[in-house]
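Please examine the structure shown below. The briefing that accompanies it is arranged by topic.

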Amino acid sequence: MSRFIIPKHLEVPLGACLPAPVKEQPGMITGNWRTERPVIDHEACTTCLNCFIYCPDACWHLDEKTEQMVWNADYCKGCMICVNECPANCLSTVNELEFPDGVVRLEKPF
Amino acid sequence: MAIEVKTQNLEMVKSLRQVPQEEHYVPGHRTCQGCGPALVYKLVSKATGGNAIFLGPTGCMYVANTSYLCAPFAYPWMHTQITNGGAVASGIEAAYQVLIRKGKYKGELPSIVVMAGDGGSIDIGLQAMSSMMYRGHDALFVMYDNESYANTGIQVSPATPYGANTTFTPPGKNVPEGRVLFPKDAPQLVIGGHPAVHYVATASVAYPVDLINKVRKGLNYKGPSFVHLHAPCPKGWLFPAQKTIEVAKLAIQTGMWVNYTWENGEYTYDHTPKEYKPVKEYMKGQYRFNHLSDAHYAKMQAFIDARLKAPGKPIAIPVLGPREQ
Amino acid sequence: MAKEVFYSGCAAAAYGAKDARVEVISSYPIRPYTGIMMELSKLVANGELDAEFVLGEGEHAQVSIAYGASAAGARAYTGSSGVGVVYAMECYSPAAGGRLPCQMAIADRALDPPGDFGSEHTDVMSARDQGWIMGWAESPQEVYDNTIMYYRIGEDHRVQLPQFCCQDGYFVSHIPGKMQMEDQKAVDDFLPPYNPPHPLNPKKPINHGPQIFPDQGSAINVQRAVAFDDIEAVISEVVTDYNKAFGRKYSPFVDEYMMDDADIAFFIQGGHARTARYAVNHLRKKGVKAGVSRLRFMRPFPTEAVAASLSKVKAVGVIETNTSYGGVTRGGNIAPEARAACYNLDNRPIITSFMAGLGGEIVTLNEFYAMAKVLSDAVKSGKANNSYWMNFEKEVLDTHK
Ligand SMILES: Cc1ncc(C[n+]2csc(CCOP(=O)(O)OP(=O)(O)O)c2C)c(N)n1
Ligand code: SF4
Ligand code: SF4
Ligand code: SF4
C-alpha cells in the first residue's frame, strides 16, 4: 500500500505525458484575451485565404460546403493580423462590447 | 532480415488552395497576440502533414505553447532542454531506424522536427544542432528566428540585429546603440561544414507557401536539413501585433532578411525586390531601434549593403569588431 | 550456452549490454569507461549486435540521445566517467522525470583539478539525487549481471526510471576476472523487450512534458517518490529471479561478510570491498571481530536493509571513495546516509567516514587495519570523529608503512 494520497486536482499523468489534442486545445481558451474582433463581410470576401494562412492561432478556415470563411471565436486573440492582411478589405475591427456575447472580462486568468 | 526504412515524400504546394485546411498545431496556446514563431509552428506543422514527431527545446515555443498541462500539438511532441534539441532528435531518429529495421514499428519513418529558437539553435543549442546535422540523421532542424532570447524577457542573442534595445543591451550614455555586435549568420554555420547536409533554406512567415515548400523539401531529403525562418516577435521588437506580416515583408524589401535556398552547393534566391528600400524604413517601425541616430542607421545600411552582395555566402563584411573600434 | 570468460569490467558491461539487446548506443571517449564503447562499437561493426551506434559530441549529448531513443521506444545505452559524468548533469533530471529508462554505465574517475586518471566515486555521486537508480558492482561478473538486471528493474512499469550502472574505474573496469556469460535465450527469457508505456508514436500521439501549474510540480516529484517507494520490492523480485535463473547468490541490497558476530564493520560500495574482505580475514586472525557490509544500491538507498546490517555491530567505518566538502561529516556522502538509516535504532552504532580511495588511490590492507584500530578504539571509548582522512590525520597517519 502506498503512503501517498494524490488529490484529484494535483494528478499528473506519468512523466507528464498527455494524449495529444485533436482539432483544438480547450485547456487554453484564448478568446477571452480579445478587446476587438475581426468581422467578415462575406459578400466582399474573395476567399483568397490570407486570413486562413496568416492567423497564428489558426482561427480562420474555409468551409468547403458554403465556400465561406469561418471564424473561431473561442481562440481568436484579436491580434488583427487578418484584418491587416485582407486584400479585399472585407474584414473590419469591431469593439467586443458591440456584441451581446462580447468578451467583457477575464473569467479566468488564462 | 532487416526491413528497409521507408521515408515520406511530401508534395509541393502551388497555392494557398492546395494548403491543407487541417491543423496539426491547433488553436489553444498562450503565445502573444500576433506571435511570428507561433505562425511558424502552424506552417511547419501543416507542412509535415501530421506524420511527425516534434521536439520543443525550452524557449517561447515551449513555454508559451504548453502552459499548464496542455499543449497544442496534434502529433507526438516532446520537450527538450534548450541545449539538446538536436541530440534528443538524433536519439529518436536512431531509435526509429532500429525499430523499423527490426519490424517493431510498422510504417514510414515519421518526420522528425526540432523547433528551436535562435538561442536553442545557434547559441547554447549550437553543439547539439551541429552534431545532428553532421551525423546525418534524417531530421529537420527548424530555427525560428525572433532575434532574441524572448522567453526569458527579450535578451540579446547571437541573432539579434545591431542596434536593438534588448533587456541585456539597453542603450545608455556609454553604449548609445544598445546592441553593438552584428548577428551570426545561422545558415552559413551549417552550409559547407556538414558534409551530410544537402539542403539549407531561409524563409519568412510573409511567404507561407514558400515556407511550406521549403520545409517539405528539407523533410524529403533522406538526411538532415536546416531551415532558418524569420518570425517577427511583436512583444520583443515592439511593434503592434497586427503588423507581424507587414514587418516580415518589409524585412525582405529592405534586405534585412533574404529568402534563399542552398541545395547541393547551388544558391537560389526568392522574393528579391527590384530595388531595396533603405533599412531605416524597416527599423523605424520597431521601437527596439527607436534610440538610434542617423550614424547608427548608416552603419546598419553599410552592413546590409555588403551582405546583399552575396547573401548566404562567406564574403568579407566591412564591420569593425568592438575591440577594433 | 552459458560460457566462462575472462573479462574486464568494461568488457563485462559491453557484453551485458549486448545480451540485453540494446538498440541505441551513444558514445563519447573518456577513460576509463571508453573500453565499453570500444567493445560495443566492434560488436556493432561486426554485425553481432543490431543497434544504432551514435557518436555523441559530448556526454550531454550522449545522455540526450539515450533518453530521446528511450522516449521513442528503444532500449538505450550510454556511459561515461569523471568530468564527463558531470558535464551531462542537466540531462539527468529530464530523463528521470520523463520516466525514460535508459542505462548509463559509469566507470568512476576522479574529477579535475588537476587531471587525474584515478578512480573515485564523486563523479556520479554528484548526480545521486536526480532520480536515477544507482549502484556499484564489485567485479566484472557483477557488472555483467547488474547491466541486465538494471534494465529489468528500470523498465518495470512500477519503476520506469533510468539507471546508473556503476563500477570503479580501473579497479573493476580494467582488471579482468573470471566470469560467466549467460545463454542469450535465457537472458531473453529473463529480460523481455522494452515495452514503453508512452512512446513517441504518430499512431498514438502524446505530448511529453508540457509545462505544469506550479502546484503540480510537487505532483511530478511525488511520482518519482512513489517509484522509489515501490522500487525495493521490484529490486528484490528481480534479484531473486536472476539468482534463480543463473545460479547467483546476490542479496538485493546489502552483501554481508562475517557480519553476524562482528563488533566493527566496514561499510563500502564497489570493488574495494574485495580488499575489505581480505582485511577482515587477517583481522579475525588477530582476534578483531570485523565484518563487511557492502552496499549494492546507493539509489534507492536501502534504509531498512542498511539499518538491519549495521545494527549488528558497535562501530561502522564508511569507506567513502567520494567527497562532500563542507558536508555534515566533513567527509563523504555515504556516512550521513548510513547514520540517518540507523537514527531510529535503539542501539545505534558509531558511524564515521573514512576518506580513502580518493583520486584513484587504492585502499590498502594497512589502511583497513588502521581503520579497524580507530573503530575498535571507538567501541571502547564510545566515540569517534565525524571523519578521518586516511594518511592525513594523526589517528590514521602513514598507513602505507
Ligand atoms: C540551460 C538553460 N539555461 C537557461 C535557460 C533559461 N531559458 C529559458 S527559455 C530561454 C530563452 C530561449 O531563447 P530562444 O532559444 O531564442 O527561444 P525564444 O524564447 O526566443 O523563442 C532561456 C535562456 C534554460 N531553460 N536552460
Ligand atoms: S483575407 Fe479577406 S478576402 Fe481573403 S479570405 Fe480572408 S476575409 Fe476573405
Ligand atoms: S484577429 Fe488574429 S487571432 Fe483573431 S482571427 Fe484574426 S489573425 Fe487570428
Ligand atoms: S515574446 Fe515573441 S516569440 Fe514569445 S510568444 Fe510573445 S510574440 Fe511570440
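This is a predicted model: local features need pLDDT of at least 70, side-chain atom pairs count only at pLDDT 80 or more; totals for chains, interfaces and linings use all residues.

Residues are numbered from 1 along each chain as its sequence is written, chains are lettered from A and ligands numbered from 1 in the order in which they are written, and side-chain values use heavy atoms, with hydrogens and water left out.

**Ligand 1**

- Ligand 1 lies between chains B and C.
- Its surroundings comprise 17 residues, of which the closest are B:Cys60, B:Gly120, B:Tyr144, B:Ser148 and B:Asn151; a residue is near a molecule or strand if one of its heavy atoms lies within 4 Å of it.
- The shell around ligand 1 contains six nonpolar, nine polar and two charged residues. In this scheme Ala, Val, Leu, Ile, Met, Phe, Trp, Tyr, Cys and Pro count as nonpolar, Asp, Glu, Lys and Arg as charged, and the others, Gly among them, as polar.
- Helix α4 (residues 118-122) of chain B gives the most to this shell, with three residues. Helices (H or I, at least four residues) and strands (E, at least two) are DSSP runs, numbered from the N terminus.
- An oxygen atom of ligand 1 lies 2.8 Å from a backbone N or O atom of B:Cys60.
- A polar side-chain atom of B:Asn146 lies 2.9 Å from an oxygen atom of ligand 1, and a backbone N or O atom of B:Ala150 lies 2.9 Å from an oxygen atom of ligand 1.
- Of the 590 Å² of accessible area that ligand 1 has on its own, the protein covers 77%; accessible areas come from the Shrake-Rupley method with a 1.4 Å probe.

- An open sheet of 10 strands has the order β1(A)-β9(C)-β2(B)-β1(B)-β3(B)-β4(B)-β6(B)-β5(B)-β7(B)-β8(B), with mixed pairing. Two strands pair if DSSP finds at least two bridges between them.
- β1 (17-19) of chain A and β8 (266-270) of chain B stand at the edges, each with a single partner strand, so one side of each is left without a neighbour in the sheet.
- The twist from one strand to the next averages 20°. Axes are lines fitted to C-alpha atoms, for helices over the stretch in contact, and angles run from 0 to 180 degrees between N-to-C directions.
- Strand β2 (residues 77-80) of chain B and strand β9 (residues 206-208) of chain C run parallel and are joined by two bridges; B:Trp77 stands opposite C:Asn207 in β9(C).

**The sheet of chain C**

- Six strands of chain C form an open sheet in the order β10-β12-β11-β13-β14-β15, and the pairing is mixed.
- β10 (254-257) and β15 (387-389) of chain C are the edge strands, and each pairs on one side only.
- Strands β11 (residues 264-268) and β13 (residues 315-319) of chain C run parallel, joined by four bridges; C:Phe266 stands opposite C:Gly317 in β13(C).
- Helix α12 (residues 334-342) of chain C packs on the sheet and touches β11, β12 (290-295), β13 and β14 (350-355) of chain C; contact means heavy atoms within 4.5 Å.
- Helix α13 (residues 365-381) of chain C also packs on this sheet, and its direction makes about 130° with that of β11(C).

**A hairpin and backbone features**

- In chain A, β3 (residues 60-63) and β4 (residues 68-71) run antiparallel, with four bridges between them.
- β3(A) and β4(A) form a hairpin with four residues between them, and A:Glu67 in the turn has a positive phi of about 55°.
- A:Met80 has a phi near 75°, a positive value in a residue other than glycine, and lies in the loop between β4 and α2 (81-85) of chain A.
- The peptide bond from C:Asp112 to C:Pro113 is cis, with omega near 0°, and that from C:Pro113 to C:Pro114 is cis, with omega near -20°.
- C:Pro113 is found in the loop between β5 (103-107) and α6 (122-125) of chain C.

Technical notes: A polar contact is a pair of N or O atoms within 3.5 Å; within protein, one must be able to donate a hydrogen and the other to accept it, and residues adjacent in sequence count only if both atoms are side-chain atoms.
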